[in-house]
Amino acid sequence: MRAATEAVHRTLPEADVLIQPSLGRRGLKASSTGCGRWPRRHNVSVHELSVQSHLGRLRVEQHLELDETLTLLKAHDFVCAMEAEILREVPEIDGVRTAHRERAGDD
């Protein structure tokens, strides 16, 4: 479990990592998904990220904090584009679920 935590911290140094072992899940390497690159690329904050393995495929769940000045439509479009980018770049991932909330501006 220490190796998984270290892999997450290489990508998201300030992340709180919680590992919950489940029966039937084997061989999942957190570093293999590269999930931390998308939030950094788009300058958004992730406060929860999980990757599950199911029948040899990966599923990602992430919670993002978006700029509070975005309209709901723009926030939705942003999240959809980010999810599509994840699916395009990592073929092993077959599903992405994203929740988002407003983040106060940095002014």
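Q: Which residue takes a positive phi in the hairpin of E1 and E2?
A: That residue is Leu 55, with a phi near 55°, in a hairpin that has two residues between the strands. Strands here are DSSP runs of E with at least two residues, and helices are DSSP runs of H or I with at least four, each numbered from the N terminus.

Q: What kind of model is this, and which pLDDT limits apply?
A: The model is predicted, so local features need a pLDDT of at least 70 and side-chain atom pairs count only at 80 or more, while totals for chains, interfaces and linings use all residues. Residues are numbered from 1 along each chain as its sequence is written, and side-chain values use heavy atoms, with hydrogens and water left out.

Q: What does His 54 stand opposite?
A: His 54 stands opposite Arg 57 in E2.

Q: And His 63, is that buried or exposed?
A: His 63, which is found in strand E2, is buried, with a relative accessible area of 19%. Buried means under 20% relative accessible area, exposed means over 50%, and partly exposed lies in between (1.4 Å probe, protein chains only).

Q: Which residues is His 63 in contact with, leaving aside neighbours within four places in sequence?
A: His 63 is in contact with Ser 45, Val 46, His 47, Glu 48 and Ala 99. Contact means heavy atoms within 4.5 Å.

Q: Let us zoom out. In what order do the elements run from the N terminus on?
A: The order is α-α-β-β-α-β, made up of three helices and three strands.

Q: Which residues touch the most other members of the largest nonpolar core?
A: Leu 64, Leu 66 and Ile 93 do so, in a core of 14 residues. At least two residues of this core come from each of strand E2 (57–67), helix H3 (72–89) and strand E3 (93–103). A nonpolar core is a set of buried Ala, Val, Leu, Ile, Met, Phe, Trp, Tyr and Cys residues joined through side-chain atoms within 4.5 Å.

Q: On to charges: how many salt bridges are there?
A: The count comes to four, where a salt bridge is a side-chain nitrogen of Lys or Arg within 4 Å of a carboxyl oxygen of Asp or Glu.

Q: What does Glu 85 form a salt bridge with?
A: Its partner is Arg 41, with the closest N and O atoms 2.2 Å apart. This pair links distant parts of the chain, since Glu 85 lies in helix H3 and Arg 41 in helix H2 (residues 37–41), 44 residues apart. Glu 85 is buried at 10% relative accessible area, whereas Arg 41 is partly exposed at 44%.

Q: Which other salt bridge does Arg 41 form?
A: Arg 41 also forms a salt bridge with Glu 89, the closest N and O atoms being 2.8 Å apart. Arg 41 in helix H2 and Glu 89 in helix H3 are 48 residues apart. Glu 89 is partly exposed, with a relative accessible area of 37%.

Q: Where do Arg 97 and Glu 61 lie?
A: Their side chains meet in a salt bridge (3.7 Å, N to O). Arg 97 is in strand E3 and Glu 61 in strand E2, 36 residues apart. Arg 97 is exposed at 58%, and Glu 61 is partly exposed at 24%.

Q: Which residues does Arg 37 contact beyond its neighbours within four places in sequence?
A: Arg 37, in helix H2, is in contact with Thr 11, Glu 89 and Val 90. Arg 37 is partly exposed, at 32% relative accessibility.

Q: Finally, confidence. Where does pLDDT stay under 50?
A: It stays under 50 over residues 23–32, for which the model has 10 contacts beyond four places in sequence. pLDDT is the predictor's confidence in each residue, from 0 to 100. The protein chain averages 75, and 76% of the residues score at least 70.

Technical notes: Two strands pair if DSSP finds at least two bridges between them.
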